[in-house]
Amino acid sequence: MAGEVGPAVVLRPGEGRSIDLGTFGMSLKAGPDATGGAFSLLEATEPPDFGPPMHIHTNCAEAFYVLEGEYRIFVEEREFACPAGSFVYIPQDVRHGFRVGAVASRKLNIYLPGAMVGYFDDLSAAIAGGEADERRLDEIAHRAGMQVVGPVPDGYL
């Protein structure tokens, strides 16, 4: 059971607010409300060959920690194979993206300062309402301080 002790938050395995994104799911571990805006932490479980379009965060940096499986992380023109145990930090305003490897994979996403929770909540609502298309994705991304700068891969929406 999740417990809040003063400003502290304690989540045990499997706890956190679930965000259903259709082809993948996330669990919010800590959002900007819980961290005073310092960071957001989400856990993602994603299917093989899944990934977002290339994008740029204009209001935060992003870090990845691979828990299971393997990801291919794209940073500008470079590509990195990142098996479980890999850590990647991407500064604000740097073009990036990723693709999951051949097996379902799991990672932590950290946004510094706290950001992107609204993006995933809005995208979840658009998917659930059958309104998820490239135009809607651009609107949601813009509100969240993100620029989509590449094609939307099949299976993302």
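Start by selecting Ile73 and showing what touches it: skipping its neighbours within four places in sequence, Ile73 is in contact with Phe64, Arg78, Glu79, Phe80, Cys82, Val88, Ile90, Gly97 and Phe98. Keep in mind as you click around that this is a predicted model.

Stay on Ile73 for a moment. Colour strand β8, residues 70-75, and you'll find Ile73 in it. Is Ile73 buried or exposed? Its relative accessibility is 1%, and buried means under 20%, so Ile73 counts as buried.

Now jump along the chain. Select Ala141, which is 68 residues away from Ile73 in sequence, and draw a distance between the two C-alpha atoms: they are separated by 20 Å.

Select helix α2 (residues 117-128) and helix α3 (residues 134-143); their axes come within 9 Å and cross at roughly 160°. That is why α2 and α3 are described as roughly antiparallel to each other. The crossing of α2 past α3 is right-handed.

Sorted by class, the contact of α2 with α3 has six nonpolar residues, three charged ones and no polar ones.

**The sheet**

Next, hide the side chains and pick out the open sheet. Its six strands come in the order β3-β4-β5-β12-β7-β10, with antiparallel pairing. Look at the edges: β3 and β10 (87-90) each have a single partner strand, so one side of each is left without a neighbour in the sheet. Turn the view and follow the twist, which averages 20° from one strand to the next.

Where does α2 come back in? Show α2 again: it packs on the sheet, touching β3, β4, β5 (40-46) and β12 (105-112), and its direction makes about 50° with that of β3.

For the last stop, zoom in on β3 (residues 17-20) and β4 (residues 25-30). These two strands run antiparallel and are joined by four bridges. Click Ile19 and you'll see its bridge partner in β4, Met26. Then click Arg17, which stands opposite Leu28 in β4.

Note on methods:
Residues are numbered from 1 along each chain as its sequence is written. This is a predicted model: local features need pLDDT of at least 70, side-chain atom pairs count only at pLDDT 80 or more; totals for chains, interfaces and linings use all residues. Side-chain values use heavy atoms; hydrogens and water are left out. Buried means under 20% relative accessible area, exposed over 50%, partly exposed in between (1.4 Å probe, protein chains only). Contact means heavy atoms within 4.5 Å. Axes are lines fitted to C-alpha atoms, for helices over the stretch in contact, and angles run from 0 to 180 degrees between N-to-C directions. Angles under 35 degrees count as roughly parallel, over 145 as roughly antiparallel, 65 to 115 as roughly perpendicular and the rest as oblique. A crossing is left-handed if the near helix is turned anticlockwise from the far one by less than a right angle, and right-handed if clockwise. Ala, Val, Leu, Ile, Met, Phe, Trp, Tyr, Cys and Pro count as nonpolar, Asp, Glu, Lys and Arg as charged, and the others, Gly among them, as polar. Two strands pair if DSSP finds at least two bridges between them.
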